[in-house]
Amino acid sequence: MDERAADPRAGQTSAPKKRGAIKTLWKRIRAPLAQSRLVKNMIASLIKLTMHFIRLTNPKVAGQPAFENTVFEREEPAILALWHGQHILLPAFYPSRRPLVAMVSRSADAEINALVVEKFGIETVRGSGGRESARNLDKGGAKALIALKKALVAGKNVCMIADIPHGTPRDAGLGVILLAKLSGRPIYPAALATSRRKVLEKSWDKTTINLPFGRSALIAAQPIFVASDADEAEMERKRLEVTDALNAATAEAYRMVDGTK
């Protein structure tokens with residue numbers, strides 16, 4: 001009798017060795033791949049195609065207010081404000097023909113995000129625009145706000161994430177308020193939702209991954225202006241106004257795609 005056939009453990013030791021070798025090989029090539037511009041561009045291109053597919057398979061919900069040909073178009077250039085984790089699909093749904101400049105985090109993890117955005121023909125400015133205090137902008141954040149202001153002066157729309165990364169989710173920071181004050185351009189709190197989605201519940205901002213074959217809604221609240229002479233108390237009032245308007249727009253977008261009252 002064949003002893004290997006009689007022993008059920010025969011051949012099992014080779015499988016863990018193979019898995020270990022594959023894991024070791026992956027660790028060796030992971031860092032070079034992560035630094036490869038070619039690989040990053042390939043990944044960004046694939047993500048862009050996926051986003052286009054998701055848009056094509058998520059028609060707009062009937063009856064939603066038209067984002068185009070509304071007060072938004074008459075008030076351009078303007079500042080689109082979105083919540084972190086709810087913004088991923090916006091480049092594929094951007095509703096205006098006017099050029100757009102988007103602020104993207106300076107972190108290394110956001111480099112792929114920046115490449116994806118740029119593949120949609122959207123310019124990027126690297127920085128963090130939330131900020132708890134307009135007085136405490138770091139050098140990078142200040143440069144980013146200056147670049148965004150220049151974009152608005154040049155007639156381009158600007159997109160910012162309103163809440164502070166890894167701060168309190170869905171609570172606007174002062175960065176977007178400061179930009180509106182400096183530029184004189186209105187803030188449009190906006191929200192994009194799809195009926196089919198995956199929510200990453202363990203993420204700090206409840207990041208939402210939009211899925212194909214559903215319905216979509218893109219909602220914008222009424223414009224919010226910040227006076228050039230606004231003091232700290234007025235800026236705080238506007239910050240709360242943006243927070244409330246963004247939360248309302250987000251709730252309305254989800255209500256429409258989910259068909260709830």
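Start by selecting leucine 179 and everything around it. Leaving aside residues up to four places away in sequence, Leu179 touches Ile79, Leu145, Leu148, Lys149, Leu152, Val158 and Met160, where contact means heavy atoms within 4.5 Å. This is a predicted model, in which local features need pLDDT of at least 70 and side-chain atom pairs count only at pLDDT 80 or more, while totals for chains, interfaces and linings use all residues. Residue numbers run from 1 along each chain as its sequence is written, and side-chain values use heavy atoms, with hydrogens and water left out.

Now widen the selection. Leu179 is one of the residues that touch the most other members of the largest nonpolar core, which has 30 residues; Ile79, Leu148, Val158, Met160, Ile177 and Ile187 are the others. (A nonpolar core is a set of buried Ala, Val, Leu, Ile, Met, Phe, Trp, Tyr and Cys residues joined through side-chain atoms within 4.5 Å; buried means under 20% relative accessible area, exposed over 50%, and partly exposed in between, with a 1.4 Å probe and protein chains only.) Colour β1 (79-82), β2 (100-104), α7 (139-153), β4 (157-161), α8 (175-183) and α9 (232-258): each supplies at least two residues of this core. Helices (H or I, at least four residues) and strands (E, at least two) are DSSP runs, numbered from the N terminus. Apart from this core lies another, of 25 residues, including Leu82, Leu89, Tyr188 and Ala190.

Next, pick threonine 207, in the loop between β6 (197-199) and β7. Thr207 counts as buried, at 15% relative accessibility. Its contacts, again not counting residues up to four places away in sequence, are Gly85, Ile88, Lys198, Val199 and Leu200.

On to the rings. A search of the whole structure finds one aromatic pair (ring centres of Phe, Tyr or Trp, its six-membered ring, within 6.5 Å; planes under 30 degrees apart are stacked, over 60 edge-to-face, the rest tilted). Show Phe53 and Phe213: their ring centres are 5.6 Å apart and their planes at 85 degrees, so the pair is edge-to-face. Phe53 lies in α3 (residues 37-56) and Phe213 in the loop between β7 (208-210) and β8 (216-220), so the pair ties together parts 160 residues apart in sequence. Phe53 is partly exposed at 40% relative accessibility, whereas Phe213 is exposed at 57%.

Finish on α9. Its 27 residues reach 39 Å from first C-alpha to last, close to the 39 Å expected at 1.5 Å a residue (1.5 Å times one less than the number of residues). Just after α9, Gly259 takes a positive phi of about 70 degrees.
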